[in-house]
Amino acid sequence: MGAQSLETAIQRAGSPVELLRHSTVRPHTFPVKPEFTNWRSEQRAWRTSCALLDQSHHMTDLYLSGPDAPRLLSDFGVNTFANFTPGKAKQYVAVNADGHIIGDAILFHLEDGLFDLVGHPTVPNWLQYNAEAGGYDVTIERDENSADRPSGPPTVYRYELQGPTAKPLVERLTGRPLPAVKFFHMTEFTIAGHRVRALRHGMAGRPGFELFGPWHEGDDVLAAILEAGEEFGLVRAGAKAYSTANLESGWVPTAVPAIFGPELTAYRQWLGADALGSLGGSMNSPEISDYYVTPYDLGYGHTVKFDHDFLGREALERMAAGSRRAKVTLVWNPDDVAAVFRSLAEPGVPAKYIELPKSRYAFFHVDTVLRGGAAVGLSLDVGYIANEQAFVSLATVDAAVAEPGTDVTVLWGEEPNSTKPGVERHRQVEIRATVAPAPYVQEVRQSYRTS
């Protein structure tokens with residue numbers, strides 16, 4: 001996967017934590033226009049009208065086909081594959097033998113025997129390695145995200161339409177009533193004379209579709225969407241707004257992958273040194289396993305199905321009956337957030353800079369959550385929701401403090417400061433926060449999988 005393996009880089013750095021904490025690998029970026037208007041208005045569009053988000057460039061596609069493709073996916077996925085027929089999709093979750101998260105991605109069953117796994121490279125890397133190491137009879141085609149692709153455009157375009165006017169907009173585009181399509185099921189439309197696949201989806205928990213097809217047809221489809229969208233208040237959302245959509249839907253986009261045990265040395269030797277990215281945040285344990293999470297920690301318990309054998313099944317069966325952490329939203333205290341910004345204009349060393357609207361400054365962001373001075377969880381993604389005028393983070397916390405309304409504290413900033421390019425000299429501060437549900441917005445919690 002690269003000139004130097006991840007395992008070699010770890011040995012040189014001294015530990016996985018040291019390597020990732022001081023990594024110079026860029027944080028994940030969305031290689032599309034940052035803003036078309038301003039990110040506040042673009043965020044509001046998926047709540048008030050319809051937002052158009054270009055998903056064509058920032059994810060890796062791993063196409064799998066061949067006799068063993070279904071078995072490979074089943075062997076390394078916690079999900080059930082019963083009745084996973086063409087025209088359906090699911091959030092695919094992979095764990096290691098101890099039940100800790102490797103990563104998640106969206107799996108499309110496009111046609112009989114043809115699958116497309118779409119997401120950050122973590123899970124595509126994992127499946128590609130296991131396909132090769134396990135001798136699976138699988139054909140793999142891979143399309144990197146546009147920041148990492150050696151040359152040329154993506155294989156497919158992906159346009160997300162979401163918001164209250166997404167339905168009438170699609171009906172205007174297609175010239176017919178919207179068919180009944182269940183959440184995470186696919187249908188087909190004809191737009192601008194082209195066949196367009198459509199996944200019933202919603203990145204911010206809003207009604208909508210993900211439209212995709214061959215790249216060379218994308219301009220025609222986009223032009224048709226923009227023309228029809230004028231009547232329905234369509235707003236193009238840039239990278240800044242798009243990066244925050246998960247804060248409303250409650251999806252944690254990156255968790256430290258549990259790949260650092262001795263049993264996975266061969267995998268780390270296969271991976272390139274720059275395959276993962278950097279680690280940021282106030283959590284500063286020297287043990288990489290302290291950063292691991294389970295599917296139950298991230299609210300994926302409903303995806304775990306013990307109807308098949310898969311890597312990590314025995315561990316998850318033991319976890320299923322025990323106490324665990326819960327995924328929550330933490331609403332940060334506005335006075336404490338304002339004090340961080342105020343420190344930039346005061347004498348002395350300021351607090352860590354807060355970028356808006358997404359404030360995560362490393363690919364894996366892990367802040368320590370405290371209550372009464374004791375660590376009670378991990379804050380894993382952070383930013384500002386203009387629709388709620390709230391600064392929030394997605395976290396996993398001990399069940400004892402997961403009740404909405406519970407007061408906690410988030411440590412913000414690194415101590416000691418790391419040498420990542422995105423980290424300036426700063427001091428660590430405590431920010432008060434209040435536990436709230438995830439998803440944070442009530443109407444999203446009620447309608448995310450049913451609207």
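1. Helix H5 covers residues 122–133 (helices are DSSP runs of H or I with at least four residues, strands are runs of E with at least two, and both are numbered from the N terminus). Its 12 residues reach 17 Å from the first C-alpha to the last, close to the 16 Å expected at 1.5 Å a residue; the expected span is 1.5 Å times one less than the number of residues. Just after H5, Gly135 takes a positive phi of about 65 degrees.

2. The model is predicted, so local features need pLDDT of at least 70 and side-chain atom pairs count only at pLDDT 80 or more, while totals for chains, interfaces and linings use all residues. Residues are numbered from 1 along each chain as its sequence is written, and side-chain values use heavy atoms, with hydrogens and water left out.

3. Is H5 mostly covered or uncovered? It is mostly covered, with 10 of its 12 residues buried (buried means under 20% relative accessible area, exposed over 50%, and partly exposed in between, with a 1.4 Å probe and protein chains only). Among the buried residues of H5 are Trp126, Leu127 and Tyr129.

4. Trp126 also forms an aromatic pair with Phe76 (rings of Phe, Tyr and Trp, the last by its six-membered ring, pair if their centres lie within 6.5 Å; planes under 30 degrees apart are stacked, over 60 edge-to-face, and the rest tilted). This pair is edge-to-face, at 6.1 Å centre to centre and 90 degrees between the planes. It links distant parts of the chain, since Phe76 lies in the loop between helix H4 (69–75) and S3, 50 residues apart from Trp126 in helix H5. Both Phe76 and Trp126 are buried. One aromatic cluster holds Phe76, Trp126, Tyr129, Tyr136, Tyr267 and Trp270.

5. Phe84 has two ring contacts to note. The rings of Phe81 and Phe84 have centres 5.8 Å apart and planes at 80 degrees, so this pair is edge-to-face. The charged end of Lys90 sits over the ring of Phe84, 4.6 Å from its centre (NZ of Lys or CZ of Arg must be within 6 Å of the ring centre and within 35 degrees of the ring normal).

6. An open sheet of five strands has the order S3-S4-S5-S2-S6, with antiparallel pairing (two strands pair if DSSP finds at least two bridges between them). Its edge strands, S3 (88–95) and S6 (139–143), each pair on one side only. Within this sheet, five bridges join S4 (residues 101–111) to S5 (residues 114–119), and Ile106 has Val118 in S5 as its bridge partner.
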